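Hi everyone, thanks for making time for this. I'd like to walk you through one model, going from helix packing to aromatic rings.

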Amino acid sequence: MRSPRPYSPQAGPGAQSLTERRKAATQLDIARAACELFAEHGPDGTTAEDIAHRAGVALRTFYRYFRNKQEAVAPLLAGGGDAWRALLAEEDPGSPLARALERAVTRSLSDLQSVEEGLEVTRGLLRAAATDEALRAVWYRVNQDSEERLVPVISRLAGPDADPVEIRLLAAAATDSIRIALELWSATDAPASGPGSPAELAVRCLHALTGAMPLLR
């Protein structure tokens, strides 16, 4: 049985070629296999060979895409950031930015059953990362990449006169709000929705980190 997607669905492939879509699909197959095996045996009890076998690919194919077993989960973790940036990008320029951010964060972390199922996958990975330095490094890198890709989205919404420093600070705060919320939630047995959920925690973090930012006034 395939693992569900991460806490949010991944953005569509856009103008990717057929070859690129096939490569992306193979990477996701490998990532899902890695998540399944990490959940069953932990990172220490899982090898790259195990992941390749579960994904139905040759070991050389695994290493064509990933340097090590921990990096194999990156496409799934990155999917959440892809999705919430896409939701934010749907907002109209000139809309109150604070409300737009809160809407996108809330939508990306709630509502659909597939999102809730994916949150449980993320919880398992973050719990495993607590004792696996390489897995933590993948998580931090995915968040850093997401922050950098968020900058042009916020810039478009904020308008041409917005201060680049404030845009960068807001991108960092918004990304960290979700990261911290997921890390805190993953350390508990709280449900994926309602009190103590990632959506509730992320909005709380967002308010605390961005409340004094001039760009949101």
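Predicted model: local features only at pLDDT ≥ 70, side-chain atom pairs only at ≥ 80, totals over all residues.

Residues are numbered from 1 along each chain as its sequence is written, and side-chain values use heavy atoms, with hydrogens and water left out.

Let's begin with helices α1 and α2. Helices here are DSSP runs of H or I with at least four residues, numbered from the N terminus. Helix α1 covers residues 18–41, and helix α2 covers residues 48–55. The two pack at an angle of about 120 degrees, with their axes 8 Å apart. The axes are lines fitted to C-alpha atoms over the stretch in contact, and the angles run from 0 to 180 degrees between N-to-C directions. α1 and α2 are therefore oblique to each other; angles under 35 degrees count as roughly parallel, over 145 as roughly antiparallel, 65 to 115 as roughly perpendicular, and the rest as oblique. Their crossing is right-handed, the term for a near helix turned clockwise from the far one by less than a right angle.

Who meets whom? On the α1 side we have D29, I30, A33, A34, E36, L37, F38 and E40, and on the α2 side D50, I51, R54 and A55, where contact means heavy atoms within 4.5 Å. By class, that contact has seven nonpolar, no polar and five charged residues. For the classes, Ala, Val, Leu, Ile, Met, Phe, Trp, Tyr, Cys and Pro are nonpolar, Asp, Glu, Lys and Arg are charged, and the others, Gly among them, are polar.

While we're in α1, please find C35. Is C35 buried or exposed? C35 is buried, with a relative accessible area of 5%; buried means under 20%, exposed over 50%, and partly exposed in between, with a 1.4 Å probe and protein chains only. C35 and L76 are 41 residues apart in sequence, and their C-alpha atoms are 8.7 Å apart in space.

Helix α7 (residues 133–158) and helix α8 (residues 164–186) pack at about 140 degrees, with axes 8 Å apart. α7 and α8 are therefore oblique too, and their crossing is right-handed. Among the residues that meet are W139, Y140 and L150 in α7, and I167, R179 and L182 in α8. By class, this contact has 11 nonpolar, five polar and five charged residues.

L126, in helix α6 (residues 113–129), is buried at 12% relative accessible area. Not counting residues up to four places away in sequence, L126 touches W139, L182, E183 and S186. The C-alpha atoms of L126 and L184, 58 residues apart along the chain, are separated by 9.8 Å.

Finally, the rings. The structure holds three aromatic pairs; rings of Phe, Tyr and Trp (its six-membered ring) pair if their centres lie within 6.5 Å, with planes under 30 degrees apart called stacked, over 60 edge-to-face and the rest tilted. The F62 and Y63 rings have centres 5.2 Å apart and planes at 85 degrees, so this pair is edge-to-face. F62 and F66 form a tilted pair, at 5.8 Å centre to centre and 50 degrees between the planes. Both F62 and F66 are buried, whereas Y63 is partly exposed at 44%. F62, Y63, Y65 and F66 form one aromatic cluster.
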